[in-house]
Amino acid sequence: MTDDLHAVLARLDAWLEANAPADHAALNPPATPDGIDAIADRRFPLHPELATWLGHHDGVTATKGHGGPGVILPKGFILLSAEGMRAGQRTMEEAIAEWVDENESEDPGLRDIYDGAYGYLFHVRWVPLATDITGGKLIIDHRGGDRFGNVLYGLHGGDNEGPMKVWDSLSHMFQDLFVALTEGTAIRLPGYADPVRPHVSGTANHAFVRWE
């Protein structure tokens, strides 16, 4: 699994460098081991594929927002840095603590916050991977069992359901991304009516991927 992800990321890097150099330039250098470890900070085991991805690139720097170079995922999702992931996980943890404080009088068992998703928006073992312009997120699920490592989509303001699984793993996500880029196939995310296909916009060193 992790070894497969190394290979997929190497192929993806090579394709971007050759065909969308502005996107390739937006990919950050690898995260530090300390930065990767700080995401979970011994709260739960960090999925090895997430560590592998961050060991290649510490997210992206998309200087022109959600529609310019660096937005290699569909629907304007920008890949977060390790620090962004850590901050997002802590935000969920804090939101759960507040929710438990407000509702504990009705159910004292709510103090065991590591066993359930509270409200429908937060879980302490969800680590945000990428965010879009509306506040939606792609999330790496760190709950146990078959859910461990799933890529979820959701957390828009006003959602009335929990996040939905989109990919079984980061390997599958990046493999689908690579196939879409190289073969022009479509990707559809839950919550969006239409699938989108990638197109290269611009020329020479300014070329980057757009999803339409």
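Colleague: What should I know before starting?

Modeller: The model is predicted: local features need pLDDT of at least 70, side-chain atom pairs count only at pLDDT 80 or more, and totals for chains, interfaces and linings use all residues. Residues are numbered from 1 along each chain as its sequence is written, and side-chain values use heavy atoms, leaving out hydrogens and water.

Colleague: What is the strand order in the open sheet of five strands?

Modeller: Helices (H or I, at least four residues) and strands (E, at least two) are DSSP runs, numbered from the N terminus. Two strands pair if DSSP finds at least two bridges between them. Here the order is 1-2-3-4-5, with antiparallel pairing. Strand 1 (78–79) and strand 5 (164–167) stand at the edges with a single partner strand each, so one side of each has no neighbour in the sheet. Two bridges join strand 1 to strand 2 (residues 126–131). Ile78 stands opposite Thr131.

Colleague: Which residues of helix 3 are buried?

Modeller: Buried means under 20% relative accessible area, exposed over 50%, partly exposed in between (1.4 Å probe, protein chains only). An α-helix has 3.6 residues a turn, so residues three or four places apart point the same way. In helix 3 (residues 33–40), Ile36, Ile39 and Ala40 are buried. They cover an arc of only 90° around the axis, which puts them on the same side of helix 3. That arc is taken from the directions from the helix axis to the C-beta atoms. Asp34 and Asp37, on the other side, are exposed.

Colleague: What follows helix 3?

Modeller: Asp41, with a positive phi near 45°.
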